[in-house]
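Have the viewer ready and follow along.

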Amino acid sequence: MIRNMFVLLMSLAASSALGKTYFKETFDNDYASRWVTSDWKKADGTAGVWGHTAGEFYADAEADKGLQTSTDARFYAASAKFEPFSNKDKDLIVQYQVKFPQKIDCGGGYIKLLPSTVDQKNFGGDSPYHVMFGPDICGTTRRTHVILTYKDTNHLIKKTVNCETDQLSHVYTLILHPDQTYEVRIDGEKKESGSLTDDWDFLAPKTIKDPSQSKPADWVDAAEIDDPSDVKPADYDTQPRQIPDPSATKPEDWDDEADGEWDAPMIDNPEFKGEWKAKRIPNPAYKGPWVHPEVPNPEYVEDANIYQFSDIGAVGFELWQVKAGTIFDNIIVTDSVTEAEEFLAETWGANHEKEKAAFEAQEKAAQAAAEAERQKAADEAKKAADAAEADEDDDEDDSHSEL
């Protein structure tokens with residue numbers, strides 16, 4: 001009895017240590033039973049249709065299937081719900097895999113963490129969310145968005161977090177800790193971390209410039225002044241900026257009556273000294289830069305729960321893509337960093353080298369096909385040129401025969 005109780009307690013402790021996974025998605029062939037495609041943008045004909053595929057290169061044709069955008073210049077929106085939870089006093093980890101095989105030039109690749117109240121059939125760009133996380137690429141903008149909602153306002157991280165832009169799969173991981181710190185990982189490697197209060201403008205500043213203070217009128221903040229003993233030389237301004245070119249001569253064919261009086265072209269005068277300026281010396285009255293005194297900001301209110309979301313109940317993709325083809329896969333929402341790391345190792349970690357090899361083989365085959373096509377075109381052009389030359393020779397022979 002005591003032994004059984006000990007085993008049970010150990011099992012519960014191990015389970016607690018591992019944490020809880022609230023949602024996990026590998027997009028197997030049954031994925032449609034868990035995901036709802038939104039009707040957003042269907043009315044105006046700009047809603048895209050999601051596909052389910054591993055793409056043209058992969059490690060495993062079945063295991064690597066994901067949700068894919070299929071048509072260029074379309075909006076895409078789909079979501080999946082799970083049992084709602086709060087991340088109060090717990091880590092929150094959102095992790096997913098995304099691949100841009102289409103050489104994306106403009107389009108989103110981010111995921112959203114949503115409240116359980118999301119209207120899935122109308123989920124779109126205006127739907128409230130808790131977290132928006134992942135790569136966004138358009139022109140020169142190539143960054144990993146980390147947007148957190150606080151008091152109904154969406155706040156973008158102040159730091160620029162780079163993203164991956166090649167055609168292979170990459171895994172994006174966001175970790176929020178109860179101590180109000182965060183970490184962004186790509187392919188398991190830390191790319192950014194810090195404090196929520198430092199790297200976002202969630203709160204009003206702790207201090208503000210004292211409104212009752214201003215720089216004294218007699219404050220001297222000029223570090224240097226003109227030397228009062230330095231006087232401009234009397235002959236300084238006697239030389240003009242430009243002079244006639246002394247090496248120029250009037251052209252021999254110049255006609256004064258027809259062309260007017262000839263003037264030599266002007267050149268910069270090597271003797272010209274420019275505007276005179278007195279030498280600068282240290283200002284004996286200099287007091288240094290004036291620093292505006294600061295006082296506590298009455299609008300600042302400390303909040304130890306910025307990291308916390310009380311109702312997390314869905315994930316979704318809401319995107320615009322100029323060039324479609326993006327594939328999303330292997331989502332996990334958990335309160336265990338270990339669980340997320342193990343899922344990364346089981347999926348991307350086990351397959352990325354195979355995927356890379358498949359991609360390189362495809363690229364090599366495409367290059368070989370392009371070279372073969374180029375050679376074929378060159379051969380056909382040569383045949384056409386040879387045939388044309390033969391026709392010309394036959395025409396010449398016929399001409400000689402008639403003569």
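**Loops, overall shape and cysteines**

D152 is exposed, with a relative accessible area of 77%. To find D152, look in the loop between β10 (141-150) and β11 (153-156). Its backbone deserves a look too: D152 has a positive phi of about 70°, although it is not a glycine. Keep in mind while checking that torsion that this is a predicted model.

You'll find D187 in the loop between β13 (181-186) and β14 (189-195).

E261 lies in the loop between α3 (256-259) and β18 (266-268). Is E261 buried or exposed? Its relative accessible area is 70%, so E261 counts as exposed, the cut-off being over 50%. If you set aside the neighbours within four places in sequence, E261 is in contact with W254 and D256. Now jump to N351: this residue is 90 residues from E261 in sequence, and the two C-alpha atoms are 85 Å apart in space.

With that distance in mind, zoom out. The protein chain has 4 helices and 22 strands. Its radius of gyration is 36 Å, well over the 22 Å that the globule rule gives for 403 residues, so the chain is more spread out than a compact globule. Along the principal axes, the C-alpha atoms fill a box of roughly 120 × 110 × 45 Å.

How much of the chain is buried? Of the 403 residues, 35% count as buried. The accessible surface comes to about 23700 Å², and carbon and sulfur atoms account for 51% of that. As for how the chain contacts itself, take the contacts between residues at least 6 apart in sequence: 74% of them join residues at least 24 apart.

How many disulfides does a search of the whole structure find? The search turns up 1. This disulfide joins C106 to C138, with an S to S distance of 2.0 Å. The two cysteines come from distant parts of the chain: C106 sits in strand β7 (residues 106-108) and C138 in strand β9 (residues 131-138), 32 residues apart. If you care about the torsion, the angle about the S-S bond is -80°, and the link of C106 and C138 is left-handed.

C106 has a relative accessible area of 13%, so it is buried, the cut-off being under 20%. C138, at 37% relative accessibility, counts as partly exposed.

That leaves C163 to look at. C163 is in no disulfide, and the nearest cysteine sulfur, that of C138, is 12 Å away.

Key:
Residues are numbered from 1 along each chain as its sequence is written. This is a predicted model: local features need pLDDT of at least 70, side-chain atom pairs count only at pLDDT 80 or more; totals for chains, interfaces and linings use all residues. Side-chain values use heavy atoms; hydrogens and water are left out. A disulfide is a pair of cysteine sulfur atoms within 2.5 Å. Buried means under 20% relative accessible area, exposed over 50%, partly exposed in between (1.4 Å probe, protein chains only). The radius of gyration is taken over C-alpha atoms; the globule rule is 2.2 Å times the number of residues to the power 0.38. Contact means heavy atoms within 4.5 Å. Accessible areas come from the Shrake-Rupley method with a 1.4 Å probe; for residues, only the protein chains shown count as cover.
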